[in-house]
Amino acid sequence: MKAVQFRGIGDLALADLNRPRITADEVLVALRSVGICHSDFELLDGRYIIPFRYPLIPGHEWSGAVVEVGADVTGYKAGDRVLGECVIGEDHFGFSISGAAAEYFVARPEWLHRVPDELTDTQAALVEPMSCAYFALMQAGNVNGSDTAVVFGAGPIGLGCVAVAATLGARVICAEPNPARGPLAAIVGADVVLDPTAEGFTDRVLELTSGRGADVVLEASGQPAAMAATLEVAGHDARVVNIGIDVGRSAPARLGLIQSKQLRIRGTIGSPGVWPATLRFLARTGLDLSTMVTRRFPLAEAPAAYAAARQTGENIKVHIESAAG
């Protein structure tokens, strides 16, 4: 079978591997669609937030179809459309253990969820970043029409945050320096798009909130300067959630604002425990973020897909697709 392999730092290959065999408590899945994430490039560049070893198969944002189930597996059968969680105990699927960027891959039933009929394979492969956004909004607590939310970053998770916050009724300001991403942020629910690197950015947020500042701030860019800026745009008693991942960089920040504004700050990793709720939310609301998938490639062209995903000025989310099984 064909599979993407990270063999070392900067060493990406499309490999020919044996189709995996499953044990009695495992499920064999055929890939339908897998997204390429910024974290995949962190992994390829030799760093991640938990330990890992090369070689490995990446891919943690995926949808697929069950091909075979082990003798002890109940609740799933061949043909079921499924997707799976990324954070699984101490391991991260597609990082510390091999993932879904292959024609076939092994999963455990406790990682899996059925894809609702309302979702396409592309939409299902977006549930992982969408669940991170949904989890972040749940951590912000009771976001509703009385709130103004500032979302830093219009990448996949940032756009998910914009969409969820808007669906919950909040007024949304998206802070994104790339002008090509602003229109999509508006399509998924942003009322205003501002460049956070422009002079007067914080003053503009204060103007839009009648001097109050944001009630909710969601940092989804992973940029240290944006993390520092969350403290500036937050209003008194604001809820600040840091979602974007950064490994090892820093930026100056006025930390005294945490105390003087009485901020409620927390960070999130992944989306533990909210996948069933995320799927119900998407199925019921009809929220469709598939417009953020700007390029699609067959698995046989996976190296080109990763190259395209590096072009963040042109692409927001790149998917690799397969029809195996």
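The largest cavity in this predicted model is lined by Gln123, Leu126, Val127, Met130, Leu282, Leu287, Asp288 and Leu289. A cavity here is a set of points, on a 1 Å grid over the protein atoms alone, where a 1.4 Å probe fits but cannot get out, and lining residues have an atom within 4 Å of a point. The volume of the largest cavity is about 70 Å³, where a volume is the space filled by probe spheres set on the points, joined across faces, edges and corners. Its lining comprises six nonpolar, one polar and one charged residues (nonpolar: Ala, Val, Leu, Ile, Met, Phe, Trp, Tyr, Cys and Pro; charged: Asp, Glu, Lys and Arg; polar: the others, Gly among them).

Three cavities of 30 Å³ or more were found in a search of the whole structure.

Helix 9 spans residues 275-285, and its buried residues are Trp275, Ala277, Thr278, Leu279, Phe281 and Leu282 (buried: under 20% relative accessible area with a 1.4 Å probe, protein chains only; helices: DSSP runs of H or I, at least four residues, numbered from the N terminus, and strands: runs of E, at least two). The cover of these buried residues includes strand 5 (81-84), strand 9 (112-114), helix 3 (127-140) and helix 4 (156-167). Gly286 follows helix 9 and has a positive phi, near 75°.

Residues are numbered from 1 along each chain as its sequence is written. Local features need pLDDT of at least 70, side-chain atom pairs count only at pLDDT 80 or more, totals for chains, interfaces and linings use all residues, and side-chain values use heavy atoms, with hydrogens and water left out.

Technical notes
On a 1 Å grid over the protein atoms alone, a cavity is a set of points where a 1.4 Å probe fits but cannot get out, and a pocket is an open set with protein on both sides within 12 Å along at least five of seven lines; lining residues have an atom within 4 Å of a point. Buried means under 20% relative accessible area, exposed over 50%, partly exposed in between (1.4 Å probe, protein chains only). Contact means heavy atoms within 4.5 Å.
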